[in-house]
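Thanks, I will keep this short. I would like to go through one interface and one surface patch.

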Amino acid sequence: MTALTPAERDPGAPLLRATGLTKRFPGVVALDDVGLEVRAGECVAVVGENGAGKSTLMKVLAGIHEPDAGSIAWRGEPVRIDSVQRAGALGIVLIHQELELCENLSVGANVLLGREPHGRFGWMSPRGVDAAARPFLERVGLRVAPSASLASLAIGQQQLVEIAKALSQDAALLIMDEPTSSLSFEESERLFGLIEDLRAQGVAILYISHRLEEVERLADRVVGMRDGRNSGELRRGGIDARGMVRLMVGRDLEVRPRQRHGVDGPPRLRVRGLRTTTWPGESVDLEVRSGEIVGLAGLVGSGRTEFLETLFGARPAVGVPAIEVAGRAQPTRSWSIRAAVAAGLALVPEDRKRCGAVLEMTIRENATLASLPEHKVAACGLLGVLDRRKERDTAETVRQRLGVRCASVEQRVAQLSGGNQQKVVLGKWLTRDAGVLLLDEPTRGVDVAAKDEIYQRMEELAARGVGLVFASSELPEVLALADRILVFHDGAVVGELPGDGATEEQVMQLAATGVGARAEESR
Amino acid sequence: MIDRKLLGIVAVLAAVVVAASLQSSNFLSGGNLETLLYRTSLYGIISIGAAFVIVTGGIDLSIGSMICLVGLSLPYLTVGCGWPVVVAVPVALGLSIALGWFHGFLVTRLDLQPFVVTLCGLLLYRGIARWITEDRSLGFGTGEYSWMTDLVETRWEIAGGFAIRPPMLLLLAVAVASSLFLTRSIYGRYLLALGRNREATRLSGIRTDRMVVVAYVVCAGLAGLGGLLFVLDGNGGKATSLGNFYELYAIAGAVLGGCSLRGGEASIPGVVLGAALMQVLWSAIRQTDLSTELEFAVVGGVILAWVVAEELLRRLGRRRRAAG
């Protein structure tokens, strides 16, 4: 099928034209004078690094956020999109990365949720719902009975239900956020076919993906975003991975490059054959020397978190990996968080509020949480009586060494800023003298000044002989800090680059396309 | 946070006492105060147990049935089977601890919901107790075993008809030990931390599952201890009635005392005061002109009013902080 070019189909006003969109959040300008145009039947891809403003732009268009400035014209008419309902009435529907469906309801009920055909007093017949839902399911090519339960569907089929739901609302512009992130190869192929069909029916698609090969294949146009601004545009014929990477990288993020002193310390951590349950087919090896900072680069969902959490014993591993800490082989058959902690591993998790800090407790209580047995009164060890003075001393040490800004260590962690919360989480492990520190996105949700402090603490720890492994989606930060960079793609390490001399383009190209991992990927 | 709650419960308690003493001159008599303190001791012990489970974010609905089963096992094993008391008491308490461990095991290892597990316990233990005793009422009689009931009846008179009785000392011991455990031991800290944020606590290398099991064991053990006291207090009992609804009194006492059912928040002094408030309310209803048929409604109304007032005060405080 040869699709008509957008220009031939609709020579008039574009379906959507947004100009000068600006959106500020406390401390950040997420969108800064952004423009976007989408025509009926066109597939426009938006690319950019994490934090470039893609999601905010989509949320503004879908009525989740209201812009602080700028205007949106829909089919040539100026409109104000102040709610998801308003966006839906216009025909703009956002399909989230995490599907928003009710697993307990039938497929048909999900498609028509909130718009069920009903009689008086709200009575509805299941058969009526099924009949009304059927044409939309046919349009997306989903061959399941509308009465089937949603939970019985594979994730790819559930996504088609989500699209059918959008079509039942007369969607003219479908916004898809990382639609293939949890789909299999075949499911993705089917989705691409459907996207082509929808375009032929005149539906416009706004497509966000980190997977450049998909974008290359689907998009009529690629819009780049960087630091909340437009960073350029590519048109069909001129769309290639290299060009897209150029649109994405080069952010104005000031990270002072670190003084690297050529690490030749003894190996602190050696991991062989670690397999995660998410990617059981990929085996990851890692070696970290004393005083070394290893950066794990990759896109969101590339398997870095799973790797770190499995290494730390917080998730079960597939098979039995070999883990050596400071030269000693570890009992990985019965690997657990406690075993990892006892071996000298420490983890600063990605989700600070859910997994890192106990927000309702004080700084003191958080700082000593991982080392409470060392804060017992020696005389009555079995009863576990807390030595309050010792506890306060530890908390004060953490506060001073990490520069936690607070009124007192008796303040609740919830009252601190993101950066100071993160320092407390980091501090919890300082009291244990961890030999290997694993950090997952340590500067997420942290303001610029606090970021810099966290970098300094990481460097200090390295200087004292700790081995550090940190995962980060912020490329400039990885390049500035890491002695060595491992790039993850679909659960595998697809490349290793020296921290000195690697460029953002190199890392992004590997992370986005996984070149070098093609053979494994086809499995 | 807890201190403010503690002040609140003290204020409510004082208000009810003043109101009741104005209505009835007998309310503040030594004899009535002794009864109040004595009843508070029995209910306070099971409320403290409930607080341990509530602090983990769980619940134990089986407390009343546990009281029934463990309590009745004492006259059953001694009077009925002729076991010596030094054997029967440890066996009875051991039974409650084993059942508590079983609850904890199901909640942590099989990840079952505490509500469901202990609801089944509620039905199961009372059913077993009724089956074993064939719904007959068991007692200690006046012979060989009657000295046991004297244990809870013993009175060390102080003044004005007020006397100290052994269960009061038992509550004091349990309360002091529990309070120190929660606030001064590392295990208490583990419980409070996991009640607030189980994942962060687990990722700090703490065996959260084991601590949750400990909480269920403590709760069931104290319910068992309470069972022995209640059965001695009543000089025996009947499986159809002993301990009915007591899980709810225990939970109500804990909640009045400042425990949050979301977990992570508990103050043992508060729980004891909460249990005391319940007793003061019952007593006030009986001694004033209020008709006794209203007693449940009054107790329920007061608890609801207290919880609503607390929430409103909390919001007011937050708004003031946001404004300032």
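**Chain B against chain A**

I start with one pair: E365(A) and R189(B) join their side chains in a salt bridge, 3.8 Å from N to O; the term means a side-chain nitrogen of Lys or Arg within 4 Å of a carboxyl oxygen of Asp or Glu. This is a predicted model, with local features needing pLDDT of at least 70, side-chain atom pairs counted only at pLDDT 80 or more, and totals for chains, interfaces and linings using all residues. Residues are numbered from 1 along each chain as its sequence is written, chains are lettered from A and ligands numbered from 1 in the order written, and side-chain values use heavy atoms, without hydrogens and water.

Between chain B and chain A the count is two salt bridges. Which helices of chain B supply at least two residues each to the side that touches chain A? They are α7 (166-184), α8 (186-196) and α9 (198-202); helices here are DSSP runs of H or I, at least four residues, numbered from the N terminus. Of these, α8(B) gives the most, seven residues.

In total, 20 residues of chain B contact 32 residues of chain A, contact being heavy atoms within 4.5 Å. The two chains bury about 2200 Å² between them, 57% of it on carbon and sulfur atoms; that is accessible area (1.4 Å probe) lost on being put together, summed over both.

Now the patch. Y76(B), L124(B), I128(B), W131(B) and I132(B) make a nonpolar surface patch of about 500 Å². Patch residues have over 30% relative accessible area (Shrake-Rupley, 1.4 Å probe, only the protein chains shown as cover) and no salt bridge, with nonpolar side chains (Val, Leu, Ile, Met, Phe, Trp, Tyr) joined within 5 Å. Helix α5 of chain B, residues 114-133, gives the most to the patch, with four residues.

Note on methods. Patch = residues over 30% accessible without salt bridge, like charges linked within 9 Å, V, L, I, M, F, W, Y side chains within 5 Å.
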